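I opened my notebook today to write down what I looked up in this one. Have a look at it with me before reading on.

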Amino acid sequence: DPRNVCETCVCDASGSGFRYTPIAGCCLNNTDCASQPCTTCNSNTNKCQLVPGCCTNSITCPGACSECTNQNSAGIGTCQGTPGCCTEDSQCTTSSACIHCTDNACVLTPAPECCDNANDCSAPCMTCNSTNVCARIEPLSQCCLNNSDCGTNPCIICDPASRQCVAKPGCCNENTDCGSSPCVECTAQHFCRRKDSCCENSDQCGACQECSDSTHTCGPSSDASCCTVDSDCG
């Protein structure tokens with residue numbers, strides 16, 4: 001009969017009798033597992049089994065974010081989490097949508113590619129949109145960078161100081177923009193100009209002249225008694 005569970009009785013090769021032979025991989029105590037670092041003898045199975053968390057190098061630790069630390073003189077240590085290492089975004093302890101786990105490290109994606117709020121977007125007229133990307137404030141007329149953002153009206157321009165679309169001083173699109181005077185018209189260059197030889201009333205005309213209501217030009221007075229020289233009297 002074998003002396004213990006880790007031995008078996010086999011016939012000697014010479015046929016002269018029986019001898020005790022060790023069973024490969026069997027253990028009676030931890031000493032029998034000494035040749036296999038980080039193992040202990042399981043008394044139920046009499047097999048050497050790995051000790052959880054024990055390691056001889058980081059390769060033997062599970063996962064990308066575990067390393068072998070506190071190794072003793074025999075080179076045996078324990079698996080510990082690597083500081084700052086991650087395998088998924090949830091391990092990056094931050095409320096920022098711009099920090100992601102990349103190559104096992106928490107990395108910030110800078111603006112304008114990513115943002116958490118409008119303050120992250122430093123460029124004029126930019127805001128942080130619903131997809132956490134810096135984008136132009138819309139409509140463009142709400143915050144303008146140039147005149148084209150204000151539409152096609154030539155009299156509405158972009159004020160660079162306020163980034164607001166404002167009316168261009170003295171600009172007009174049609175004659176009525178220049179007031180009620182029939183003598184002021186809006187030019188092709190969009191500014192108000194007084195017509196040559198135009199009058200609103202006779203006071204603007206010379207002696208013995210009056211302003212025509214239809215043409216708004218000065219002409220001879222309809223008053224036959226008006227004269228400027230003796231010859232006007234016949």
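**Entry 1: overall form.** I noted to begin with that this is a predicted model. I then looked up the secondary structure and found 17 strands and 0 helices. The C-alpha trace spans about 175 × 35 × 25 Å along its principal axes.

**Entry 2: contacts and surface.** I looked at contacts with a separation of 6 or more, and residues 24 or more positions apart account for 5% of them. I found that 23% of the 234 residues count as buried. The accessible surface comes to about 15,500 Å², and carbon and sulfur atoms hold 51% of that.

**Entry 3: charges.** I looked up 9 positive and 25 negative charges, and their mean positions are 14 Å apart.

**Entry 4: disulfides.** How many disulfides does the count come to? I got 22. As a reminder to myself, a disulfide is a covalent bond between the sulfur atoms of two cysteines.

**Entry 5: Cys27 and Cys41.** These two are joined with an S to S distance of 2.0 Å. I read a torsion of about 95° about the S-S bond, so this disulfide is right-handed. Cys27 sits in the loop between strand 2 (18-22) and strand 3 (39-42), and Cys41 in strand 3, so the pair ties together parts 14 residues apart in sequence. Both Cys27 and Cys41 are buried.

**Entry 6: Cys144 and Cys158.** Here too I found a disulfide, S to S 2.0 Å. The link is right-handed, with 90° about the S-S bond. Because Cys144 lies in the loop between strand 11 (134-136) and strand 12 (156-159) and Cys158 in strand 12, the pair ties together parts that are 14 residues apart in sequence. Cys144 is buried at 0% relative accessibility, and Cys158 is buried at 9%.

**Entry 7: Cys205 and Cys218.** Their sulfur atoms are 2.0 Å apart in a disulfide. Is the link right-handed or left-handed? The torsion is about -85°, so I wrote down left-handed. Cys205 lies in the loop between strand 15 (192-194) and strand 16 (209-211) and Cys218 in strand 17 (residues 218-220), so parts 13 residues apart in sequence are tied together. Cys205 is buried, with a relative accessible area of 12%, whereas Cys218 is partly exposed at 31%.

Terms used: Residues are numbered from 1 along each chain as its sequence is written. This is a predicted model: local features need pLDDT of at least 70, side-chain atom pairs count only at pLDDT 80 or more; totals for chains, interfaces and linings use all residues. Side-chain values use heavy atoms; hydrogens and water are left out. Helices (H or I, at least four residues) and strands (E, at least two) are DSSP runs, numbered from the N terminus. Buried means under 20% relative accessible area, exposed over 50%, partly exposed in between (1.4 Å probe, protein chains only). Contact means heavy atoms within 4.5 Å. Accessible areas come from the Shrake-Rupley method with a 1.4 Å probe; for residues, only the protein chains shown count as cover. Lys and Arg count as positive and Asp and Glu as negative; His and the chain ends are not counted. The place of a charge is taken as NZ of Lys, CZ of Arg, CG of Asp or CD of Glu. A disulfide is a pair of cysteine sulfur atoms within 2.5 Å.
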